[in-house]
Amino acid sequence: MLTAEKKDFIEFMMEAQVLLFGQFQTKSGRTTPYFVNTGNYKTGRQVAQLGRFYATLVKKTCGADFDALFGPAYKGIPLVTATASALADRYEIDKPYFFNRKEAKDHGEKGCLVGYQPQSGDRLLIIEDVITAGTAVRESMEILGACDGVRVTDMFISVNRCEVGKTPGKTAVMEVRDEYGIQVHALITVQDIHEYLKTRDEYREVLPLMEAYMRQYCVFE
């Protein structure tokens with residue numbers, strides 16, 4: 001269902017040129033009529049607003065029942081920072097956050113994690129942009145799996161594309177849930193985008209392309 005909150009987020013992404021329509025190619029080689037590039041957020045106001053969207057979903061889903069937030073490099077770094085800030089500012093949920101380096105330092109404090117150092121028994125949440133093939137999630141779990149005694153229970157993303165992953169009949173989000181027991185929560189789904197486009201006459205030419213793409217590549221529960 002396209003709620004007012006989801007509509008606001010879609011329009012926010014479009015205004016920031018993060019949600020684009022046209023002809024694009026995904027990492028998997030698929031030609032898609034829409035593309036999500038969170039690398040296009042580029043102002044303080046945009047990042048602050050983005051953090052509030054994520055924080056609201058985290059609060060609604062988990063409350064304060066977690067120990068830390070993790071943002072995978074690189075796009076997850078500003079996302080987790082903004083989310084942690086908004087949680088503290090808006091909801092008084094002041095939780096630590098951390099992220100990884102792509103390459104571990106061989107000097108100073110060394111290691112690949114920056115910020116909070118996870119402790120045994122911690123419940124961790126992952127803050128990410130999108131899941132397409134699940135590659136980034138597996139890389140994150142390899143990193144977090146090296147932290148003794150932590151639990152990764154939930155992951156928050158901007159858009160669930162609902163696209164089939166490596167397993168026929170399953171999306172990458174379903175694979176992450178089945179493989180790691182992680183519940184993935186999205187601010188919006190491809191279905192929300194489709195519903196939004198149906199309300200805008202200027203996108204009537206995009207609609208059949210979206211529908212064809214969804215029929216070919218999407219799986220819905």
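Reader: What makes the residues that Gly 71 touches count as contacts?

Author: In this predicted model, contact means heavy atoms within 4.5 Å. Leaving out residues up to four places away in sequence, Gly 71 meets that with Gly 76, Ile 77, Val 80, Phe 98, Phe 99, Asn 100 and Ile 127. Gly 71 itself sits in strand S3, residues 68-71.

Reader: Why does Gly 71 count as buried?

Author: Buried means under 20% relative accessible area. Gly 71 comes in at 0%, so buried it is.

Reader: How do you know that Glu 5 and Lys 60 meet in a salt bridge?

Author: The cut-off is a side-chain nitrogen within 4 Å of a carboxyl oxygen. For Glu 5 and Lys 60, N to O is 3.3 Å, so the pair qualifies. Glu 5 lies in helix H1 and Lys 60 in helix H2, so the pair ties together parts 55 residues apart in sequence.

Reader: What makes Asp 65 and Arg 123 a salt bridge, and which of the two is buried?

Author: Their side chains meet at 3.0 Å, N to O, and the limit is 4 Å. Arg 123 is the buried one, at 13%, whereas Asp 65 is exposed at 53%. Asp 65 is in the loop between H2 and S3 and Arg 123 in strand S6, so this pair links parts 58 residues apart in sequence.

Note on methods. Residues are numbered from 1 along each chain as its sequence is written. This is a predicted model: local features need pLDDT of at least 70, side-chain atom pairs count only at pLDDT 80 or more; totals for chains, interfaces and linings use all residues. Side-chain values use heavy atoms; hydrogens and water are left out. Helices (H or I, at least four residues) and strands (E, at least two) are DSSP runs, numbered from the N terminus. Buried means under 20% relative accessible area, exposed over 50%, partly exposed in between (1.4 Å probe, protein chains only).
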